[in-house]
Amino acid sequence: MLKTLAKCIREYKLASILSPIFVTIEVVLECLIPFVITWLLGAIREGASGMGKVWMYGGILIAMAVVSLVAGALAGAFCARASAGFAKNVRKDMFYNIQTFSFENIDKFSTPSLVTRMTTDVWNLQMAYMMIVRIAVRCPVMIVFAAVMAFVMGGNLAWIFIAVIPVLVIALLIIMWKALPMFQKLFPKYDDMNESIQENIKGIRVVKSYVREDYEKQKFGKTSGGLCKEFTRAERLLAWNNPIMQFCFYGVLSAVLFIGSYFIIQSAGTANSVHTEEVSQLIVYGMQILSSLMMFSMVFAMIVMSLESARRICEILNEKSTLHNPADPVYEVENGSIDFENVSFKYSENAERNVLEDINLHIRSGETIGIIGGTGSSKTSLVNLISRLYDVTEGEVRVGGKNVKEYDLEALRNQVAVVLQKNVLFSGTIKENLRWGDQNATDEEIVEACKLAQADDFIQGFPDKYDTYIEQGGTNVSGGQKQRLCIARALLKKPKILILDDSTSAVDTHTDALIRKAFREFIPSTTKIIIAQRISSVEDADRIIVLDGGRINGIGTHEELLKSNSIYAEVYYSQVKGSGDKEVDAANAAALKESLAATLGDAPSADEEGGEKHE
């Protein structure tokens with residue numbers, strides 16, 4: 001764990017080294033100041049003639065205080081730079097490593113957990129590092145130097161301070177042993193709280209529409225209360241640090257005062273008399289030792305708290321992608337042909353059964369393939385294997401005649417554009433979002449892609465057109481507009497394979513038909529795979545695949561499947577003319593007629609999605 005985190009120091013090594021150096025200088029001077037004061041008091045007691053020695057010792061004290069102040073300020077500045085830079089590098093390394101994760105890696109960590117690790121956990125680690133660089137160096141150095149000076153000044157009396165150190169160390173180790181398991185339980189509570197917040201904010205429209213605010217408050221109160229309870233337990237145990245330290249501090253101080261006073265009285269008038277200033281400075285050194293131990297207990301508490309944070313952060317930093325480029329990768333995808341050969345797949349090695357079983361399929365380059373199946377029939381799982389978002393469990397997937405494992409991952413995914421089931425737009429203008437497909441795309445190419453995706457018309461209706469700002473998640477555009485923008489973004493990649501995973505579900509059948517018609521006419525050489533719930537979205541495909549329970553139940557054209565495949569026929573008739581309700585049947589038949597007419601180019605224009613608006 002230490003080796004992993006040490007890599008994050010990098011360019012802040014110098015600051016991390018200079019801070020302890022200046023702390024050491026500060027501590028040495030602080031320890032020497034009482035010693036010089038003793039000389040000064042001794043000179044005064046012996047009745048030194050004139051003010052020469054007083055001014056000399058006074059000048060030395062002032063110089064030492066100034067140097068100590070400057071050293072302390074520099075130590076603080078370098079410490080702040082080192083700790084903040086270390087935290088920055090930890091966050092950056094975590095974020096960069098997450099970007100390399102395969103979907104299988106991402107499945108191991110929830111979104112709230114990742115957010116907690118990059119915020120709360122990194123903050124705890126930053127505080128711990130700051131204390132380690134400065135206070136954890138200051139405390140042992142102060143203890144060592146103060147102990148040496150205490151022996152010089154007080155002789156055997158200094159053993160009182162040394163004797164208490166093992167007691168404190170044992171007490172701190174017991175507290176650490178008890179507290180660490182509590183913090184291990186604490187941080188998952190942070191994840192639960194963040195999950196509750198994320199879920200509520202993401203679904204705030206649903207919450208308000210169902211008037212479930214009170215329920216969400218109760219749910220958040222429960223998770224927040226659980227966090228409070230666990231944190232209170234852990235902090236209650238760590239709070240024993242302070243009374244234990246205070247007890248030892250004042251106990252030792254009382255012992256030194258009592259024994260020192262006894263020696264002063266007993267040795268008065270003798271050759272080896274003990275003087276008041278010597279005991280006073282011994283007490284000063286003792287206070288320095290004990291206060292350093294108290295400061296170290298604070299560092300100790302922060303380290304205990306951050307150990308679990310460090311472990312959670314290292315889980316992210318040490319996680320390696322399950323997908324790797326081969327030693328000699330292929331960088332050119334020859335064409336858009338796709339082959340599944342005896343493919344089986346499951347998401348986890350420990351899963352009881354495969355989600356895809358015995359898939360054998362050949363798709364020609366430029367072919368349009370429709371995929372139909374019920375919920376949970378593994379349609380998305382099938383297409384995820386094409387762009388190697390997951391690796392197959394058995395068999396192999398070939399693209400352009402080569403196994404997808406032979407390709408460079410970036411080169412493969414640049415030629416396989418996927419419009420996922422969950423459409424995501426990022427905050428920024430429409431142009432900025434579309435250029436995710438091709439960052440060097442010209443304005444003309446952007447407009448052309450939007451026309452193919454039937455997005456240009458509604459974009460032109462916005463006051464700022466292609467410079468219209470899209471809110472995070474695309475909340476200020478409708479679902480159908482969002483889908484078409486995502487399709488246009490994928491088209492800008494100019495891929496050899498285009499996969500639409502139920503990505504026209506929010507558009508009307510007329511617009512859906514226009515999109516498919518544009519695909520046939522303008523990108524005929526691109527292999528197109530369309531996953532849909534509506535038969536009308538895939539009925540004009542070259543072939544349609546029917547999936548059922550992770551297996552291919554049937555392959556053929558629309559007409560062939562109507563005659564030979566019961567699942568397809570059942571879905572078709574339930575959507576078009578099988579509801580048993582005359583009004584619904586008439587509406588379904590009209591929708592089918594509209595879709596077919598649009599495909600042939602004869603359909604009259606219609607308002608998109610019933611007049612969808614830019615919010």
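Visitor: Which residues is Lys 482 in contact with, leaving aside its neighbours within four places in sequence?

Guide: Lys 482 is in contact with Asn 423, Leu 425, Gly 473, Gly 474 and Val 477, once those neighbours within four places in sequence are left aside. Contact here means heavy atoms within 4.5 Å.

Visitor: Before we go on, what am I looking at?

Guide: This is a predicted model, where local features need pLDDT of at least 70 and side-chain atom pairs count only at pLDDT 80 or more, while totals for chains, interfaces and linings use all residues. Residues are numbered from 1 along each chain as its sequence is written, and side-chain values use heavy atoms, with hydrogens and water left out.

Visitor: Okay, back to Lys 482. Is it buried or exposed?

Guide: Lys 482 is buried, with a relative accessible area of 18%. The cut-offs are under 20% for buried, over 50% for exposed and partly exposed in between, using a 1.4 Å probe and protein chains only.

Visitor: And which helix is Lys 482 found in?

Guide: Lys 482 is found in helix α17, residues 479–491. Helices (H or I, at least four residues) and strands (E, at least two) are DSSP runs, numbered from the N terminus.

Visitor: How many bridges join β3 to β11?

Guide: Five bridges join β3 (residues 368–373) to β11 (residues 543–548), and these strands run parallel. Gly 373 has Leu 547 in β11 as its bridge partner. On the β12 side, Leu 547 is partnered with Ile 552, and β11 and β12 pair in the antiparallel sense over five bridges.

Visitor: What about the hairpin of β11 and β12?

Guide: That hairpin has two residues between the strands, and Gly 549 takes a positive phi near 60° there.

Visitor: Which residues other than glycine have a positive phi?

Guide: Arg 10 is one of them, with a phi of about 40°, and it lies in the loop between α1 (2–6) and α2. Lys 494 has a positive phi near 50° and sits in the loop between α17 and β9. Most residues other than glycine have a negative phi.

Visitor: New topic: what is the order of the four strands in the other open sheet?

Guide: The order is β2-β1-β4-β5, with antiparallel pairing. Strand β1 (residues 338–345) pairs with β2 over five bridges, and Phe 340 has Leu 361 in β2 as its bridge partner.

Key
Pairing = 2+ DSSP bridges.
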